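Open the structure in your viewer and keep the selection panel at hand. Each stop below names something to select and then says what is there.

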Amino acid sequence: MHYLSTRNKAVKVSAAEAIAMGLARDGGLFVPESLPAISLAELTAMKDMDYRSRAVSVMARFLDDFTPEEITTFAEKAYNERGFDTPAIAPLHKLDEETFFLELWHGPTCAFKDMALQMLPHLLTASLRKTGEEKNVCILVATSGDTGKAALEGFADVERTKILVFYPENGVSEIQQLQMVTQRGENVGVCAVKGNFDDAQTGVKNIFSDEALRDELAKKGWFLSSANSINWGRLLPQIAYYVSAYADLLKLGRIEPGEKINVCVPTGNFGNILAAYYAREMGVPIKKLICASNSNNVLTDFIKTGVYDRNRDFYTTISPSMDILISSNLERLLFMLSGGNDGEVCGYMKDLAETGRYKVSDEMKEKIASVFSAGFCSDEETKKLIGETFRKEDYLIDTHTAVGFNVLKAYREQTGDATPAVIASTASPYKFCDSVLEALGDESGAQGLALIDALHEASGVTPPRPLLELKNKKRRFDLSVEKTGMSAVVSDFLK
Ligand SMILES: *Cc1c(COP(=O)(O)O)cnc(C)c1O
């Protein structure tokens, strides 16, 4: 199986090359040449498999330059009870006959990013071996909170790698900051940037395109790579949990083989929902993919009108991991839906770079509407639904998941579509204690780690162990730099 660049399909590489390179040289994203199928018989057989075996079965179809033994070993290392607090790894929570939450936050950092970032380091180091890359890799990350910690945890003490995370000094929650600055591992670094997330992100992008720095690092035996969802190795493990959710619904006897479900995903960079789209194209019976946004509703408008326009106000919301105006992974969808028309994709991306806007063809717009539905909600609506779901259903959800649930409810009201639906539950409510507490009407005024106890008191839900353990952890990283000082930090980190 080959992987092509979305901007030039004459570029063909193996899975290992795509994963080692991250981004194609022409700026495009790597996509599989064709999608492998998964039959109903195979889906039905998965009823009786554990999560690891399901993940191996899905991933092996895309990684024909890896042996089944290799992939099995990766899955054993990535998804086990040292890292995850449930043997189910990605369990389904049944709210009612029509509504199921796919809990993707049982990993070491309590957000769905773990599902991919526990796997990526194994894929990446094996890819370095397979491609004969002799240099070691340094992963650079700019984070608004969840990705940084998940990447640190995934890459800590992984051979041939180092990882350096930059976060905006005043732009992450207190719990997110503590999670990062207490990170264990000999090969990790964490640095605050005096600026906002965009400053940190721009700083990292500048480092990536700094030829002189790259040469200097190459002489010392290092090359730079990224851990965000532009890397195929981060997207692939996410397809597995949608397949797994379908198998679990079969196992519960809620659906018959072939019966359709809807999938609703709280979306930012379009990675998670794209994985669901791939699962659908492989043959998982999914009717609609429902794309949920907060007030940064650029995707809602795009799916409804066919016009992507990032020229709009940016809002800071209580679902910060979805505060994003450029959804990079959309480029992969455009490539698929255009029938692999790289010229068409280049045109859209050029318009986006030059004007911040593009308009897809009518044909593309119709295809999108046939698969996707979209909606958004405000912070007030999000909080209201967290409170209601807790009081009426005794189930506590985080601010991102609540955006998904809200949009699903609106979709049902508008369409009358009662197809059973799976909502991707993307974070533990304990990661966003302050907003969740507010939603429950708590007025304890707790701060810092005391928020965890306050939410425990208010909800009775057991806090995740990795967050409780923050209380006993020592702060290891105090570095903070001006945004112009980031590349010096990289040089120093790799000296
Ligand atoms: C990253 C993240 C999202 C958005 O996922 P995308 O793949 O970027 O669309 C949603 N919720 C949480 C909690 C996240 O960390």
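Leaving aside neighbours within four places in sequence, which residues is E103 in contact with? Select E103 with I89, A90, P91, H93, Y395 and S425, its contacts; contact means heavy atoms within 4.5 Å. The model is predicted, so local features need pLDDT of at least 70 and side-chain atom pairs count only at pLDDT 80 or more, while totals for chains, interfaces and linings use all residues. Residues are numbered from 1 along each chain as its sequence is written, and side-chain values use heavy atoms, with hydrogens and water left out.

**E103 and its sheet**

E103 is found in strand β5, residues 99-103. Helices (H or I, at least four residues) and strands (E, at least two) are DSSP runs, numbered from the N terminus. E103 has 9% relative accessibility and therefore counts as buried; buried means under 20% relative accessible area, exposed over 50%, and partly exposed in between, with a 1.4 Å probe and protein chains only.

Six strands form an open sheet of mixed pairing, in the order β4-β5-β15-β10-β11-β14. Two strands pair if DSSP finds at least two bridges between them. β4 (92-96) and β14 (372-376) stand at the edges with a single partner strand each, so one side of each has no neighbour in the sheet. On average, neighbouring strands here are turned by 25 degrees against each other, direction ignored; the axes are lines fitted to C-alpha atoms, for helices over the stretch in contact, and angles run from 0 to 180 degrees between N-to-C directions. β5 pairs with β15 (residues 421-425) in the parallel sense over five bridges, and L102 stands opposite A424 in β15.

**The nonpolar cores**

Select Y242 next. Leaving aside neighbours within four places in sequence, Y242 is in contact with L102, V263, V265, N272, A275, A276, A279 and A424. Y242 is also among the residues with the most contacts inside the largest nonpolar core, along with L63, I239, Y358 and F372. That core has 117 residues, and helix α11 (residues 232-251) gives the largest share, 13 residues. A nonpolar core is a set of buried Ala, Val, Leu, Ile, Met, Phe, Trp, Tyr and Cys residues joined through side-chain atoms within 4.5 Å. A second, separate core of 35 residues includes A292, C377, Y395 and I452.

Go to helix α3, residues 51-60. Seven of its 10 residues are buried, so α3 is largely enclosed by the rest of the structure. To show them, select Y51, R54, A55, V56, S57, V58 and M59. These buried residues pack against α4, α5 (113-117), α6 and α11.

Then move to α7, where 10 of the 10 residues are buried. T147 lies in this helix, residues 146-155, and counts as buried because its relative accessibility is 15%. Not counting residues up to four places away in sequence, T147 touches K113, L117, V141, A227 and R234. Just after α7, D157 takes a positive phi of about 60 degrees.

How many residues line the second largest pocket? The lining has 38 residues, of which G83, P108, Q118, E153 and R184 lie nearest the centre of the pocket. About 870 Å³ of space lies inside. α4 (68-78), α6 (120-130), α7 and α21 (465-468) each supply at least two lining residues; α6 gives the most, with five.

Grid points are joined across faces, edges and corners, and a volume is the space filled by probe spheres set on the points.

**The three-stranded sheet**

Finish at β2-β1-β3, an open antiparallel sheet of three strands. Strand β1 (residues 3-5) pairs with β3 over three bridges, and the bridge partner of L4 is V31 in β3.

Methods:
1 Å grid on protein atoms, 1.4 Å probe; cavity = no way out; pocket = protein on both sides within 12 Å on 5 of 7 lines; lining within 4 Å.
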